[in-house]
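Visitor: I've got a model open and I'd like to learn how to read it. Could you take me through it feature by feature?

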Amino acid sequence: MRLLTLASLAASTQSRSLPYQHIAKALQIPQEDVEMWVIDVIRAGLVEGKLSQQNQTFLIHRSTYRVFGEKQWREVQSRLDTWRGSLEGVLAVVRQEREQVIRQKERELRSLDYKVNGSGAGSGGGRSGPREIDLMAD
């Protein structure tokens, strides 16, 4: 909304020159942030102009007066819905990958347990090795 405010401010100025101080006041931002916001509004294509750091002014070459009406709100809603759908898809992929990692770790732990403890439960907890048999009869 600050971009639109800045675009409207640029469109309504008669002198084609906006002091940083006026921009900061209109956007309710620190004066140090004015250049960042002006650059953003230029990148958005709402205004064309150049910054004069020496004079602390924004020189406006072209501006577009923007009205944020019902059509624009519908566009915002549509874009947000698309964004939400994309994020839901990303979340589903992340959850699926997380489950796969958990299953893989469980398989690795079972495999390691099998290697360490032998063939599994019921074998007395260890491998049966060669036995000594006493063949001496009394």
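Visitor: Let's start with Q56: how exposed is Q56, in terms of relative accessible area?

Guide: Q56 has a relative accessible area of 34%, so Q56 is partly exposed. Q56 sits in the loop between β2 and β3. Helices here are DSSP runs of H or I with at least four residues, strands are runs of E with at least two, and both are numbered from the N terminus.

Visitor: Before we go on, what am I looking at?

Guide: This is a predicted model, where local features need pLDDT of at least 70, side-chain atom pairs count only at pLDDT 80 or more, and totals for chains, interfaces and linings use all residues. Residues are numbered from 1 along each chain as its sequence is written, and side-chain values use heavy atoms, with hydrogens and water left out.

Visitor: Back to the loops, then. What about the phi of Q56?

Guide: Most residues other than glycine have a negative phi. Q56 has a positive phi, near 55°. Q28 also has a positive phi, about 55°, and is not a glycine. You'll find Q28 in the loop between α2 and α3, and Q28 is exposed, with a relative accessible area of 69%.

Visitor: How many helices and strands does the protein chain have?

Guide: There are 4 helices and 3 strands. Starting at the N terminus, the order is α-β-α-α-β-β-α.

Visitor: Which residues have the most contacts inside the largest nonpolar core?

Guide: The general idea is that in soluble globular proteins, nonpolar side chains tend to be buried together. A nonpolar core is a set of buried Ala, Val, Leu, Ile, Met, Phe, Trp, Tyr and Cys residues joined through side-chain atoms within 4.5 Å. Here the largest one has 18 residues, and L6, I23, V34, V47 and F58 have the most contacts inside it. At least two residues of this core come from each of α1 (2-12), α2 (20-27), α3 (34-43) and β3.

Visitor: What does L6 touch?

Guide: A contact means heavy atoms within 4.5 Å. Leaving out residues up to four places away in sequence, L6 touches I23, L27, W37, V38 and V41. L6 is one of the buried residues of α1, along with L4, A7, S8 and A10. Their cover includes β1 (17-19), α2, α3, β2 and β3.

Visitor: And how much of the protein chain is buried?

Guide: Buried residues make up 18% of the 138 residues.

Visitor: Is S52 buried or exposed?

Guide: S52 counts as buried, at 12% relative accessibility. S52 belongs to strand β2, and its side chain reaches the backbone nitrogen of N55 at 3.2 Å. Beyond four places away in sequence, S52 touches Y20, T57 and L59.

Visitor: How many salt bridges are there?

Guide: Side chains of opposite charge can pair when their charged atoms come close. The rule for a salt bridge is a side-chain nitrogen of Lys or Arg within 4 Å of a carboxyl oxygen of Asp or Glu. The structure holds 5. One of them joins R62 and E48, with the closest N and O atoms 3.3 Å apart. R62 lies in strand β3 (residues 57-63) and E48 in strand β2 (residues 47-52), so this pair ties together parts 14 residues apart in sequence. R62 is partly exposed, at 31%, and E48 is partly exposed too, at 41%.

Visitor: Where do E70 and R74 lie?

Guide: An α-helix has 3.6 residues a turn, so residues three or four places apart point the same way. E70 and R74 are both in helix α4, 4 residues apart, or about one turn. They form a salt bridge with closest N and O atoms 3.3 Å apart. E70 is exposed, at 59%, whereas R74 is partly exposed, at 48%. In α4 there are also K105 and E108, 3 residues apart and separated by about one helical turn; their salt bridge has its closest N and O atoms 3.7 Å apart.

Key. Buried < 20%, exposed > 50% of the residue type's maximum accessible area, 1.4 Å probe, protein only. Polar contact = N/O pair within 3.5 Å; in protein donor to acceptor, adjacent residues only side chain to side chain.
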